[in-house]
Amino acid sequence: MNRRHRNPLSDPLHYATPQLHAGPPATYATAQRTLRGYDYVIVGAGAAGCVLANQLSEDKNISVLLLEAGGDHSKILASKIPLMFPKLFHGENDWKYFTVEQRALASRRLYWPRGRMIGGSTSMNAMMYHHCSKSDFDEWASVHGCEGWSYDALAPYLRRMEKFTPNPGRPAIDSQHRGADGKWHTGYSWLSEISDKGFVAACEEVGIPANPDVNTTRGSLGVTRFQTFIDSKGQRSSMATAFLSPEVLQRPNLYVACHAQVTRVIFDTLSTKEPTAIGVEFQTSRGGPRFEVHAKREVILCGGSVNTPQTLLLSGIGPSEELADHRIPVVQENDAVGKNLKDHLCTTAMLCKAKSGKTLDYLSSTVQALPALIQWMLFGKGPLTNNIGEAAAFIRSTDYRFPQSLESPAEDNTSGPTAPDLEVIGAPMAFIHHGEEAPINGSNVFSMVPISLRPRSSGTVTLQSRDAFDPPIIDPNYLSDQDNNDLKVLLAGLRVCLKIMRSPAFQKFLEPVPVDDDPSSYWWPYSSSDIDAISEGDLIRWMKEKAFTLYHPVGTARMGPTPDNSVVDMECRVHGVNRLRVMDASIFPEQISGHPTAPIGAMAFKLSDEIRKGVAAEVSASAKL
Ligand SMILES: Cc1cc2nc3c(=O)[nH]c(=O)nc-3n(C[C@H](O)[C@H](O)[C@H](O)COP(=O)(O)OP(=O)(O)OC[C@H]3O[C@@H](n4cnc5c(N)ncnc54)[C@H](O)[C@@H]3O)c2cc1C
């Protein structure tokens with residue numbers, strides 16, 4: 001398969017086979033004879049898919065087809081300019097998911113953006129670079145039986161992926177933990193003074209120690225100026241820009257196709273005892289013609305925590321009752337598909353009124369943003385290189401006791417003593433409704449957002465219908481754990497924010513607002529007459545009315561040793577099925593205490609190494625025969 005082609009491809013006739021009226025082939029041999037074939041067919045060009053496609057196609061003898069439901073990312077300005085990522089929300093490059101009504105959140109349906117373009121969610125995310133806590137991954141190995149996925153196993157891949165650019169103004173980075181020669185650019189981007197000298201200093205004033213680098217084995221605890229995946233030209237360094245660069249896209253053995261939405265995996269259930277994945281079926285639009293491709297070696301699902309379980313279910317892998325409800329023939333029963341969904345929930349932003357000119361809210365006006373845009377276009381510098389989530393404190397809720405709390409304190413649900421269960425992000429602008437709502441009366445706003453990092457509540461992704469173009473039913477089941485631990489953690493987060501808000505370092509950047517004790521007013525709780533007197537009930541009601549996702553769903557095809565409660569084994573192979581793997585956030589056995597892009601990339605890198613070693617061993621064995 002060495003024909004010349006130009007990636008990304010858009011016409012399926014150039015790389016796939018139209019489906020016959022008779023439907024997909026039933027055996028491997030027929031698929032091999034009748035369909036266009038590739039060694040590996042990867043479904044989804046997101047964080048994991050881009051890395052796998054790059055690494056597997058490094059071997060010229062291996063052909064790889066990467067199928068992406070969305071479009072080409074490379075011309076999308078809002079994806080390139082770091083500060084503009086919220087402009088991608090609700091647009092054509094977003095899956096625009098909504099959860100079902102959340103009982104604990106005033107029966108609201110929560111908006112879940114997910115990237116639908118090459119690069120997946122890494123082409124629209126907030127670019128916060130984070131290894132998370134060592135014990136998060138050690139727990140995968142020791143508690144969840146996922147041997148081979150501890151932090152020490154992943155760390156070499158974190159380093160191999162990364163090209164870290166040090167900043168002379170921030171020297172406290174230990175280079176032994178960081179990569180210098182990888183493809184993925186990380187470093188420091190534009191930091192606002194209110195975060196640096198206000199928020200970060202205030203956190204230290206209230207006893208949260210400074211942590212100059214949250215990406216070491218010491219873990220995340222402390223307050224940090226976030227490192228980002230933004231390159232030296234001030235542009236987003238996504239998994240697509242890093243791993244599917246123009247040079248990589250020229251490889252003759254790599255095929256990258258856009259607007260190809262995989263509708264199911266095709267199996268051979270006749271030739272072997274266990275079903276064998278032999279290819280995939282896809283469409284370019286709802287109701288459009290169907291196409292097929294053959295996977296000579298494997299299909300690898302990388303569609304993310306919402307779409308991967310949907311694809312598995314549509315392919316007949318999942319709970320038999322659910323499959324029967326949708327008249328989908330069972331290929332392999334597995335009750336864990338679509339279960340164990342865990343997400344990071346935020347209380348919503350606590351808004352503080354900042355002094356004029358101290359925040360980036362002015363950039364929401366096109367006229368006022370023009371000089372910044374020119375600066376970015378000419379020099380790749382300036383406030384547009386800000387990633388919004390520019391600073392954060394990682395803390396343990398169990399370290400705090402608040403006399404105002406009626407609830408008993410939260411129990412420790414962290415992965416270890418050096419791991420957090422709470423994050424407070426500091427952002428130099430009003431982050432309301434995912435950045436959609438402009439600040440009131442042109443105000444300057446600093447947002448503090450507490451996030452529960454280690455939820456006990458878990459939910460599901462289930463099918464709405466057997467049409468792949470119908471979104472699945474997403475029910476994260478927020479704040480549903482029996483002992484209300486998740487709620488208690490978030491309440492502690494809010495009380496910590498109230499302390500930070502009062503700290504002298506931060507106050508220097510803020511200005512007062514008229515006193516208002518009505519929790520439904522714009523500036524509450526910043527506007528309250530007595531912060532210590534704010535009741536638990538008011539905080540809970542306020543949070544339930546406004547809480548939103550921090551966009552980190554995981555676990556819906558989780559990894560584990562047995563099919564009783566997991567979907568894939570330690571080599572990411574779907575239990576009970578041949579030649580089918582999953583690699584994306586859905587395989588996390590448990591939620592990690594931070595931002596997941598770097599871990600997902602490292603996991604995909606590790607898997608690609610293992611696959612390539614397997615291929616090399618096969619080749620040398622057959623050469624000896
Ligand atoms: C708004 C936002 C902000 C975030 N901020 C951060 C951050 O600052 N730092 C951080 O570390 N993480 C952040 N994240 C999370 C991070 O981006 C995701 O966890 C990560 O990208 C998930 O990787 P993935 O490979 O599982 O899926 P994705 O990256 O979402 O990729 C899945 C890909 O598969 C494609 N696909 C799905 N179904 C099909 C199908 N049937 N056929 C073909 N293609 C398909 C999708 O279109 C997509 O391109 C953020 C996420 C969002 C949405």
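Colleague: Where is leucine 35 placed?

Modeller: Leucine 35 sits in the loop between α1 (28-34) and β2 (37-43). Helices (H or I, at least four residues) and strands (E, at least two) are DSSP runs, numbered from the N terminus. This is a predicted model: local features need pLDDT of at least 70, side-chain atom pairs count only at pLDDT 80 or more, and totals for chains, interfaces and linings use all residues. Residues are numbered from 1 along each chain as its sequence is written, and side-chain values use heavy atoms, leaving out hydrogens and water.

Colleague: Why is leucine 35 called buried?

Modeller: Its relative accessible area is 10%. Buried means under 20%, exposed over 50%, partly exposed in between (1.4 Å probe, protein chains only). So leucine 35 counts as buried.

Colleague: Which residues does leucine 35 touch?

Modeller: Leaving out residues up to four places away in sequence, leucine 35 touches Thr17, Pro25, Thr30, Glu292, Val293 and His294. Contact means heavy atoms within 4.5 Å. Leucine 35 and glycine 279 are 244 residues apart in sequence and 8.9 Å apart in space, C-alpha to C-alpha.

Colleague: Which residues carry the feature "active site"?

Modeller: UniProt, in an unreviewed entry, places that feature at His552 and His595. The two are spread over 44 residues of sequence but cluster in space, with a largest C-alpha distance of 7.4 Å. UniProt positions are given in the numbering used here, feature names are shortened, and annotations may be inferred rather than shown by experiment.

Colleague: Is histidine 552 buried or exposed?

Modeller: Histidine 552 is at 9% relative accessibility, so it counts as buried. It is found in the loop between β22 (548-549) and β23 (580-582). Its contacts include Arg114, Lys342, His344 and His595.

Colleague: What makes a polar contact with the side chain of histidine 552?

Modeller: The side chain of histidine 344, at 2.8 Å. A polar contact is a pair of N or O atoms within 3.5 Å; within protein, one must be able to donate a hydrogen and the other to accept it, and residues adjacent in sequence count only if both atoms are side-chain atoms.

Colleague: Why does histidine 595 count as buried?

Modeller: Histidine 595 has a relative accessible area of 5%, so it is buried. It lies in the loop between β23 and α15 (597-624). Among the residues it touches are Met128, Phe226, Glu423 and His552.

Colleague: What makes asparagine 334 buried?

Modeller: Asparagine 334 is at 2% relative accessibility, so it counts as buried. The backbone oxygen of serine 566 lies 3.0 Å from a polar atom of the asparagine 334 side chain.

Colleague: Why is histidine 90 called partly exposed?

Modeller: Histidine 90 is at 36% relative accessibility, so it counts as partly exposed. Its phi is near 70°, a positive value in a residue other than glycine. Cysteine 572 also has a positive phi, about 65°, although it is not a glycine. Cysteine 572 is buried, with a relative accessible area of 0%.

Colleague: Why is phenylalanine 379 called exposed?

Modeller: Phenylalanine 379 has a relative accessible area of 59%, so it is exposed. It lies in helix α11 (residues 366-379).
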